[in-house]
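I set out to record, entry by entry, what I looked up in this structure. The notes begin with the overall fold and end with single residues.

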Amino acid sequence: MSLPSLALLLFAVFSSAAGQIMLKHGMRSASAAAPDGGVPLAMRAATTPWVVLGLAVFALSAVAWMSTLARVPLSTAYPFNALGYLLIVVAASTVLHERTSLWTWAGSLVVVAGLLMVMAGRQS
């Protein structure tokens, strides 16, 4: 895999994870405010800046993913989504201050170990 293809792939994974974190942050705000004034949650979410930004970043990640798939075999690209799991657990714990258990960390590391195994097998 070329360096530009790897960079595009990593951008797709990182931006997807960032978009998910933004969506979660925005939905927290929207759901906390939804009972006020009888405005439905969907309407509140549609006007929450973090939700809108999260959707935009997630859309950008989808475009990057499609570009990646045009250059990299799916069997090579898809395992990189495992990095997204780890990124989201790290961000959920540090940015969103969600509680994470030892089992969550262990499972995330096992998934990333699987990615490393797949990539090591590709180089053989």
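The entries below follow the order in which I made the look-ups.

**Entry 1. Ground rules.** I worked from a predicted model, in which local features need pLDDT of at least 70 and side-chain atom pairs count only at pLDDT 80 or more, while totals for chains, interfaces and linings use all residues. Residues are numbered from 1 along each chain as its sequence is written, and side-chain values use heavy atoms, with hydrogens and water left out.

**Entry 2. The chain as a whole.** I looked up the secondary structure and found six helices and zero strands. Helices (H or I, at least four residues) and strands (E, at least two) are DSSP runs, numbered from the N terminus. Along the sequence I read the pattern α-α-α-α-α-α. The C-alpha trace spans about 60 × 35 × 15 Å along its principal axes. I noted that 30% of the 124 residues count as buried; buried means under 20% relative accessible area, exposed over 50%, and partly exposed in between (1.4 Å probe, protein chains only). I then turned to contacts, which are heavy atoms within 4.5 Å. Among contacts between residues at least 6 apart in sequence, 70% join residues at least 24 apart.

**Entry 3. The nonpolar core.** I asked which residues make up the largest nonpolar core. Such a core is a set of buried Ala, Val, Leu, Ile, Met, Phe, Trp, Tyr and Cys residues joined through side-chain atoms within 4.5 Å. The largest one has eleven residues: Leu 9, Ala 12, Val 13, Ala 64, Trp 65, Val 72, Ala 77, Phe 80, Ala 82, Leu 115 and Met 119. The elements that give two or more residues to this core are H1, helix H3 (49-71) and helix H6 (102-123). H1 gives the most, with three residues. In soluble globular proteins, nonpolar side chains tend to be buried together.

Leu 9 lies in helix H1 and is buried, with a relative accessible area of 0%. Not counting residues up to four places away in sequence, Leu 9 touches Met 1, Trp 65, Thr 68, Ala 77 and Phe 80. The C-alpha atoms of Leu 9 and Arg 71 are separated by 9.6 Å, with the two residues 62 apart along the chain. Under the same exclusion of residues up to four places away, Leu 115 touches Pro 79, Phe 80, Ala 82 and Leu 83.

**Entry 4. The largest pocket.** I asked what volume the largest pocket has. The value is about 160 Å³. On a 1 Å grid over the protein atoms alone, a pocket is an open set of points where a 1.4 Å probe fits, with protein on both sides within 12 Å along at least five of seven lines; lining residues have an atom within 4 Å of a point. Grid points are joined across faces, edges and corners, and a volume is the space filled by probe spheres set on the points. Val 13, Ser 16, Ala 17, Gln 20, Phe 58, Asn 81, Gly 84, Tyr 85 and Ile 88 line this pocket. Helix H1 (3-33) and helix H5 (81-94) are the elements that give two or more residues to the lining. I sorted the lining into five nonpolar, four polar and no charged residues. For this, Ala, Val, Leu, Ile, Met, Phe, Trp, Tyr, Cys and Pro count as nonpolar, Asp, Glu, Lys and Arg as charged, and the others, Gly among them, as polar.

**Entry 5. Salt bridges.** How many salt bridges does a search of the whole structure find? It finds one, a salt bridge being a side-chain nitrogen of Lys or Arg within 4 Å of a carboxyl oxygen of Asp or Glu. Glu 98 pairs with Arg 28, the closest N and O atoms being 3.6 Å apart. Glu 98 lies in the loop between H5 and H6 and Arg 28 in helix H1, so the pair ties together parts that are 70 residues apart in sequence. Glu 98 is partly exposed at 30% relative accessible area, and Arg 28 is partly exposed at 36%.

**Entry 6. Single residues.** I looked up His 97, which lies in the loop between H5 and H6. His 97 has a positive phi of about 60 degrees although it is not a glycine, and it is exposed, with a relative accessible area of 64%.

Thr 76, in helix H4 (residues 74-77), is buried at 12% relative accessibility. Leaving aside neighbours within four places in sequence, Thr 76 is in contact with Met 1, Met 119 and Arg 122.
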